[in-house]
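Subject: Structure for you to look at

Hello,

Please find the structure below, followed by some notes on what was found in it.

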Amino acid sequence: MRRWWDELVIDVFDRMDGFVAVAHRGRLDNDEHELAVAMAMERFAHRLIATFNGTSIGELVNATRTLAQRICIDVQRASVRAHRHDGPSLDAPPEDGGSWDAAEASRRYDDQQRASDTRQFLDWALPQLKPERRQVLELTFAGAELPEIVTELGISRDNVYQRRTRAMKDLAKLKDRYDA
């Protein structure tokens, strides 16, 4: 029986490689994939012979698939533990030659400037929209969900969609005028 099990282990290698690839769906790099296949084959060869109680090839295939999935989870967890603190040193300058503080400050400034420009445009443009379209946009910008807007304004879902679409088209036209 052991001889035939060893033959089965050799025949299962390609299938195990495929099961591992399907199980991790690209979340493991090549080295981790190879480690997962090796670990799965080792467990298949030495442990599954003692623990497998099935009687059909389908049951063996399902056991092999489950084994591959669990091994991938183990490899992913080990990788996360090993690389949890990896990354560039905070003392090292970024690759673009600037400093960390300057890059972050520049990004924050750009975000604030963009938010300010957007607010100024909306303050100028919203009063120019038709009142029913403006109401839908204001509620949308305030974070209201579709059912809340329907209830608040007493209109149908389709009407909310229609008003929102038309209001956004109006804003696009007004944006062209605003930028000019």
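**Two crossing helices**

The crossing of α2 and α4 is right-handed, a word used when the near helix is turned clockwise from the far one by less than a right angle. Helices here are DSSP runs (H or I, at least four residues), numbered from the N terminus. This is a predicted model, in which local features need pLDDT of at least 70 and side-chain atom pairs pLDDT 80 or more, while totals for chains, interfaces and linings use all residues. Residues are numbered from 1 along each chain, and side-chain values use heavy atoms, without hydrogens or water.

The axes of α2 (residues 30–46) and α4 come within 9 Å and cross at roughly 135 degrees, the axes being lines fitted to C-alpha atoms over the stretch in contact, with angles from 0 to 180 degrees between N-to-C directions. In the contact (heavy atoms within 4.5 Å), α2 supplies residues including Leu35, Met39 and Phe44, and α4 supplies others, among them Leu67, Ile71 and Val75.

**The largest pocket**

About 200 Å³ of space lies in the largest pocket, the volume being the space filled by probe spheres set on grid points joined across faces, edges and corners. A pocket is an open set of points on a 1 Å grid over the protein atoms alone, where a 1.4 Å probe fits, with protein on both sides within 12 Å along at least five of seven lines, and lining residues have an atom within 4 Å of a point. Among the lining residues are Trp4, Trp5, Phe52 and Leu60, and α1 gives the largest share, three residues.

Best wishes
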